[in-house]
Amino acid sequence: MVRFFTEWQQFGFMKQAFAAILIITPLFGILGTMIVERKMAFFSDALGHSAWTGIAIGVILGLRDSNVSMLLFAVVFALLLNKLSRDNVAANDTIISVFSSCSIAAGLAVLSKGGNLSKYSSLLVGDVLSISREEIQYLTIIFAVTAVFWVFGFNRLLAVSIHRTLAKSRRIPARLMENLFAVLTALIVMASIKWVGILIINALLILPAAASRNISENLREYHFFSVVFSVFSGVFGLIISYFTNVATGPTIVILASVIYFSTYLYGKRIQ
């Protein structure tokens with residue numbers, strides 16, 4: 001541990017990775033609680049997979065930075081899923097599965113043309129050590145927006161989640177709150193994929209919140225433990241991955257999984 005912080009002071013990329021972890025993980029902890037409560041695990045997973053299509057659109061348009069097309073497509077994708085879910089076209093999990101499959105297939109088809117898919121393989125597991133100062137600033141802005149939304153919009157969103165009709169009778173704009181939450185989720189997922197990885201980003205959103213739910217007795221504890229578990233997994237996952245030379249994202253998920261199963265067993269014991 002001492003060696004890590006000694007070397008951390010010497011390398012700029014380690015400082016930036018550490019800063020990114022301290023910004024990303026609280027976001028996942030906060031956002032994950034509502035994703036779990038709203039049973040949106042498939043939704044966030046589909047958003048992660050839609051990154052392939054967003055990148056493919058950027059390639060087709062000849063954009064130098066595919067992050068823009070990835071973010072825009074994710075926002076449209078999230079809003080479209082919300083609309084179809086409200087219209088009850090089919091079961092939510094069916095809609096999400098269909099759209100997720102189509103977006104993955106379309107994205108991979110475009111990106112694999114000419115054997116270029118290997119250029120994007122790093123997105124599967126991510127690399128937090130490659131984050132730049134500009135990208136950290138972008139994450140900080142998203143963190144601030146999320147904090148403001150949570151302070152002023154959480155109670156309304158929770159009311160919509162519990163009973164949509166009752167929430168509308170209290171003049172809560174249910175559709176607006178759902179769309180804002182979907183857009184916020186899309187932005188956070190897309191902004192983090194490069195460093196977390198498409199394959200495991202959904203796990204980082206779900207596991208800390210699910211672990212917190214196992215032992216929490218009220219909403220305050222629910223949010224607190226979710227953030228604590230997420231930050232703990234992120235920080236120690238980064239440290240362990242540094243010494244073991246293993247990808248940071250999977251290491252964080254393994255730690256978060258251990259915490260989940262530990263809280264599950266603890267919760268069963270005290271019931």
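Start at the second largest pocket, whose lining residues divide into four nonpolar, four polar and four charged. Here Ala, Val, Leu, Ile, Met, Phe, Trp, Tyr, Cys and Pro count as nonpolar, Asp, Glu, Lys and Arg as charged, and the others, Gly among them, as polar. You are viewing a predicted model, where local features need pLDDT of at least 70 and side-chain atom pairs count only at pLDDT 80 or more, while totals for chains, interfaces and linings use all residues. Residues are numbered from 1 along each chain as its sequence is written, and side-chain values use heavy atoms, with hydrogens and water left out.

A pocket is an open set of points on a 1 Å grid over the protein atoms alone, with protein on both sides within 12 Å along at least five of seven lines; lining residues have an atom within 4 Å of a point. This pocket holds about 220 Å³ of space. Select S66, N67, S122, L123 and K194, the closest to its centre of the twelve lining residues.

Next, select helix α9, residues 174-196. Just after α9, click on G197, which takes a positive phi of about 105°.

Select I21, I24, T25, V128, W195, V196, L204, T248, G249 and I252 to show its lining. Seven of these residues are nonpolar, three are polar and none is charged.

Terms used. Helices (H or I, at least four residues) and strands (E, at least two) are DSSP runs, numbered from the N terminus. The expected span of a helix is 1.5 Å times one less than its number of residues. On a 1 Å grid over the protein atoms alone, a cavity is a set of points where a 1.4 Å probe fits but cannot get out, and a pocket is an open set with protein on both sides within 12 Å along at least five of seven lines; lining residues have an atom within 4 Å of a point. Grid points are joined across faces, edges and corners, and a volume is the space filled by probe spheres set on the points.
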